[in-house]
Amino acid sequence: MNAIEMNKVTFRYDNGIEALKDITLTIPIGVKVALLGPNGAGKSTLLHHLNGLKVPNEGTISILGNMVTKKNAHFIREQVGLVFQDPDDQVFSGTVWDDVAFGPRNLHMSEEDINEMCTVALGNVGMLEYKDRAPYHLSYGQKKRVAIAGILAMRPDIVILDEPMAFLDPAGQDEIAGLLQGLHYMGKTILLSTHDVNFAASWADMVVLLKDGKILAVGDNQLLADEK
Ligand code: ADP
Ligand code: ADP
């Protein structure tokens, strides 16, 4: 069984733009994958397919052996946590705590379980002491960490991050890098998009190069040796 299997996936936006063209990609469980490509390559579109947010026009996607369909969208969202590029798309509650509790509450977990999951998730991202703050007043990097905590509170096996390093200063980038390492030690499969070739080369087990909606190359991080 693999974490993710995309088989001949094609996706068109309503305006006719074909953002993904015949994508076939297999990602084993537990690997760290970096998805690279220029703006407009289709990175966000691809990532949004992996938790059912977007559905292919053609082709199929399996997550941990389960075909993604409308019927099991709920199951897929529990397995796959998607962290958006812009935390303002994800972080909107009155307090940090409510924000992280949003997902678990939606699953109708007991108050006790919710407390535990949120405490652990906020601890994992180093934001527990901010739990009563309004996300609105946090820095961009802190919001990003709260968005990640909101995903972790759902305990997904697969974590997808759209440009997790973008718009962060070096200290903020280091925090996210440490966080990603922690997720790896927890055994999660991680797939992220990035423009940072050096980071991808040092972090990733597997590298996917995307351009014009097509996969140019898949390999280990040696693939990036020429790009550096
Ligand atoms: P990337 O994340 O690599 O920058 P995107 O997945 O955002 O690429 O975009 C892939 C292609 O799809 C681009 O040509 C982009 O302009 C187009 N696109 C993205 N979002 C939309 C949308 N909502 N409607 C129409 N076209 C879109
Ligand atoms: P990203 O950095 O994820 O590639 P973009 O800057 O491409 O983001 O897109 C920002 C927003 O604009 C997204 O919501 C995307 O869906 C939308 N978008 C991008 N390209 C188009 C397009 N050609 N037509 C309509 N919406 C688009």
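Start with strand β4, residues 58-63: with three residues, β4 gives the most to the lining of the second largest pocket. Keep in mind that you're looking at a predicted model.

Now select the rest of that lining: H49, G52, K54, V55, P56, G59, T60, I61, V68, T69, K70 and A73. Colour these residues by type and you'll get five nonpolar, five polar and two charged.

Next stop, the largest pocket, at about 620 Å³. Its lining runs to 25 residues, and Q90, F102, G103, I151 and M154 are the ones nearest the centre. To see which elements give two or more residues to this lining, show α2 (73-79), β6 (80-83), α3 (96-106) and α5. Of these, α3 gives the most, with five residues. By type, the lining splits into 14 nonpolar, seven polar and four charged.

Last, pick helix α6, residues 170-185. At 1.5 Å a residue, its 16 residues should span 22 Å, and the end C-alpha atoms are 23 Å apart, which agrees. Show side chains for G172, I176, L179, L180 and L183, which are buried in α6. They cover an arc of only 100 degrees around the axis, so they sit on the same side of α6. Which elements do the buried residues of α6 pack against? Bring up α4 (111-124), α5 (140-152), β7 (158-162), β8 (189-193) and α7 (197-203). Finish just after α6 on G187, with its positive phi of about 95 degrees.

Terms used. Residues numbered from 1 in each chain as written. Chains lettered and ligands numbered in written order. Predicted model: local features only at pLDDT ≥ 70, side-chain atom pairs only at ≥ 80, totals over all residues. Heavy atoms only, no water. Helix = DSSP H or I, 4+ residues; strand = E, 2+ residues; numbered from the N terminus. Expected span 1.5 Å × (residues − 1). Buried < 20%, exposed > 50% of the residue type's maximum accessible area, 1.4 Å probe, protein only. Arc of directions from axis to C-beta. Contact = heavy atoms within 4.5 Å. 1 Å grid on protein atoms, 1.4 Å probe; cavity = no way out; pocket = protein on both sides within 12 Å on 5 of 7 lines; lining within 4 Å. Points joined across faces, edges and corners; volume = space filled by probe spheres on them. Nonpolar A, V, L, I, M, F, W, Y, C, P; charged D, E, K, R; others polar.
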